[in-house]
Amino acid sequence: MSDATRAPLREEVDVVVVGAGFGGLYMAYKAREKGLSVQGFERGDDVGGTWYWNRYPGARCDIESMQYSYAFDPELEQEWDWSERYATQPEILSYIDHVAKRYDLRRHFAFETAVTGATFDEATSRWRVRTDKGDEVIARYIVLATGCLSTTNLPAIKGIESFKGPIYHTGAWPKEGVDFTGLRVGVIGTGSSAIQSIPLMAEQAKHLTVFQRTPNYSIPAHNRPWTEEERRDTKANYRQIRANAMTKPFAFDSFSTDAEATKSTPQEIRAAFQRAWDDGGLGYMNTFADLLLVPEANKMAADFVREKIEGLVDDPDLAKKLMPSHTVGCKRLCVDTNYYATFNRDNVTLVDLRETPIEEITAEGVRTAAGLVPCDAIVSATGFDAMTGTINRIDIKGRGGERLRDHWADGARAYLGLGVAGFPNLFMITGPGSPSVLTNMLVSIQHHVDWIANAVSYLDDRQIANIEPTTEAENAWVKEVQEIADTTLFPSCGSWYTGSNIEGKPKVFAAYVGFPPYAEKCADVEAKGYDGFRLTPRTQAAE
Ligand code: NA7
């Protein structure tokens, strides 16, 4: 921790902010700017959120760093220099540290303090917020800036507790790092975290065994340092770049096209995919306008990556095992440096769990149907209880003592991903049913924080005690989110987008597809005096 200490707690505040990642820090900044008092809580011992916890080797953002940054202060944009196209976790964390210092934001947070419960008191229109340190704070508003991917998922594999070596989860990586030199390492999972870390762990470990349940599509990052000229150009055009991002479905200013693969010639299709592959990164999803809408177009994108895998992996049988068969994009597309080629190394083995499933973990290693793979250390790159996991861990009680986790028993329900019926004055940043993880998170986070801050000003100006979505608005929104997702190929396979990576979790597609219409809807709701929300004047609230 740099200069963070457990600041003296405020017992009664306007806003409690849960989480000190990108969302929580900006919320604290914005609330303070509006003259509101803030008490923040963060379970880590410092700021950073996702970038505090995910310190595994190779951890990088898969959105280009110049755009994965705050836009609220042009001076901040001008003074910060991103070194690479895709910033590393340490660089992003140092940016967050810079922001926290520059705007003196740490003082609003109590660190190493997890919020355990929050109860809405209908008589006073106040939230009573409790922590694992025994704190109790009264607040007019509670803002959950808890992140979409912040509760790790450690699979309940038989015998896992008997393993005699260390088990590291990529999402809770030791601060001091891990040295795998001379060790036999087993990695479980082949999602984004595994795909980023496997090439680097393979360079260090004596032997690396990758346990793959589902192969994934990965596009080369073609990461490189930014040139001075690129930095200068971006800084000169930042306003335009930010404005462009707001008009793009994924809130990221990049190449887009109206061309459809299903209406293009084979030559055009090849050339377009090759261009996207050479350019690298998530832009591959934008190659054709029908890529995420029409199975035939999607298959072309999939075939192209499969062909690349064939070219990158020397052993044809191994290449086949690494080829995914699901829809491109239904599981988040990965971005890598050297992933597929890493399997050409002599010290790397792939275990295809579809052929030989894991039976148990023993003291010595991982036993599959084909026998024991001895391991000195295991890396669990097994993802997160995404979107709702962290919020559901908090015992949140709204009107009539209703628990939020009960309200969500059949899947998350929220109006605009911002508020929940029966839970007045509670806001979520990038909550379920908002574009969140399908976008450049920095754009979505700032959009939400600005919206929430405006809402609070509106309410205070009009002496309004409570704001909460109506049940009708919430129901209609949940329906709309699903209907829009169903017009795309996103829900066409099991993923953390739908909750199917967690046993027993209800299957609901948890993100709104398309940033611009969403932002328009939020603006419209605001312009109409918070249409779809019930506002209760202070004079009536306590009656
Ligand atoms: P992901 O994308 O959820 O990947 C988790 C991986 O772990 C995935 O390959 C899973 O296979 C695998 N997994 C999960 N449980 C098991 C068990 N029990 N046995 C074997 N394999 C398992 O998490 P990441 O951390 O990689 O990425 C999360 C996001 O963070 C990423 O999309 C970026 O936005 C940043 P499955 O596909 O379920 O068969």
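## Strand 4 and its partners

Glycine 117 has aspartate 395 as its bridge partner in strand 17, and strand 17, residues 395-397, pairs with strand 4 in the parallel sense over three bridges (two strands pair if DSSP finds at least two bridges between them). Glycine 117 also stands opposite arginine 130 in strand 5. Strand 4 (residues 115-121) and strand 5 (residues 126-131) run antiparallel and are joined by six bridges. These two strands form a hairpin with four residues between them, and in the turn serine 125 has a positive phi of about 55°. Strands (E, at least two residues) and helices (H or I, at least four) are DSSP runs, numbered from the N terminus.

## Basis of the model

This is a predicted model, in which local features need pLDDT of at least 70 and side-chain atom pairs count only at pLDDT 80 or more, while totals for chains, interfaces and linings use all residues. Residues are numbered from 1 along each chain as its sequence is written, and side-chain values use heavy atoms, with hydrogens and water left out.

## Helix 8 against helix 9

Helix 8 (residues 266-279) packs with helix 9 (residues 295-312) at an angle of about 60°, their axes being 11 Å apart; axes are lines fitted to C-alpha atoms over the stretch in contact, and angles run from 0 to 180 degrees between N-to-C directions. That makes helix 8 oblique to helix 9, a term for angles that are not under 35 degrees (roughly parallel), over 145 (roughly antiparallel) or 65 to 115 (roughly perpendicular).

The contact (heavy atoms within 4.5 Å) involves Ile269, Arg270, Phe273, Gln274 and Trp277 of helix 8, together with residues of helix 9 including Met300, Phe304 and Leu312.
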